[in-house]
Amino acid sequence: IAENMQYNQFVPYTDRLDYLAPLANNVAYACAVEKLMGWELPPRGQAVRVLCCELARISAHLLGVGCYAMDVGAMTVFLYTFTQRETVYDLCEQISGARFTTSYTRVGGQTRDMSEDTIKGVLKFCDEVIEVIEEVDKLLSRNPIFIGRTQDVGFISKDDAIGYGLTGPNLRGSGVNFDMRKNHPYLGYEKYDFDIPVGKVGDCYDRYLVRMEEMRQSVGILRQVCQKMPKGPVNITDPKATLPDKERVLMSMEELIHHFIVVTQGIDAPEGEVYFGAENPKGELGFYINSKGGGVPHRLKIRSPSFVNLSILPKLLPGHMISDVVSILGSLDFVMGECDR
């Protein structure tokens, strides 16, 4: 599909990958095309994207932990986490105009800037969600039934995690300290102070603990972004490849022609190939683009973390009880939209 449409036209399709974190998918794809173009967003544009990615991470982990608890018999947790996720959707609606399939990012920036009211709403959400995370921690982390279903179940060694290409919380749950935001920083992540939670055992319980701590760290990043949010434009300024202001289009024939060319032909990408990997909630979401020039990619390949993470199941499941399969699948926290693409 991507190889038959302009770069910006493919943005709505990225919403459908990990549909629990569409904002983060949008950002990863746009960063890949911008790497091909050799563009770098202005500081405010980068900060807005970091805010979107961390909101998406909290949203995805809230649902992941909530559903996982319900899978192994703890119904109440899901009600707590889903209520907070509804607040994230309200913020997504303020940011992009859509709750679910946001399509907020464009190659070279965003569809619109973020209002001060939204930033205040994010700070308020941070205060509320951290209380819920602590409440969930009390409900699950020392719950004998939850511990019995998850501890010493689904053990993945460091070597196996690396060998099967696991990324994200599943890799870090096995004790491998690797995170794209720290190891290969992008969007100015090196400016923010946060820790990477790492497990010790590599079982289902460790993977749950990693996600819980990741949410706390994401709340910290969100607070830093909101407090340090720079002024200025959110989009790059490239007269040839970006759309002119609507007012100028309506007033000038030259601007109207330029608008027409950019819309009909797309951005004029150079020849070459790039790969960009982003730290998505499920792991490393990567886009490989092979370009022969022009507004349409010659080849586009998506490295979807859920698909890769599930590859370890034939090694992992043998020797367990049937009831353990539920715990193991829930701990891997995959999304079939990413697997199927």
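At 53% relative accessibility, Met253 counts as exposed, where exposed means over 50% relative accessible area, buried under 20%, and partly exposed in between (1.4 Å probe, protein chains only). This is a predicted model, with local features needing pLDDT of at least 70 and side-chain atom pairs pLDDT 80 or more, while totals for chains, interfaces and linings use all residues. Residues are numbered from 1 along each chain as its sequence is written, and side-chain values use heavy atoms, leaving out hydrogens and water.

Met253 sits in helix H12.

| Element | Residues |
|---|---|
| Helix H12 | residues 253-265 |
| Strand E4 | residues 283-294 |
| Strand E5 | residues 299-303 |

On H12, the buried residues are Glu255, His258, His259 and Val262. They all end up on the same side of H12 because they cover an arc of only 100 degrees around the axis, taken from the directions from the helix axis to the C-beta atoms. Turned away from that buried side is a face with the exposed residues Met253, Phe260 and Gln265.

Now for the strands: E4 and E5 run antiparallel and are joined by five bridges (strands pair if DSSP finds at least two bridges between them). Together, E4 and E5 make a hairpin, with four residues between them.

Methods. Helices (H or I, at least four residues) and strands (E, at least two) are DSSP runs, numbered from the N terminus.
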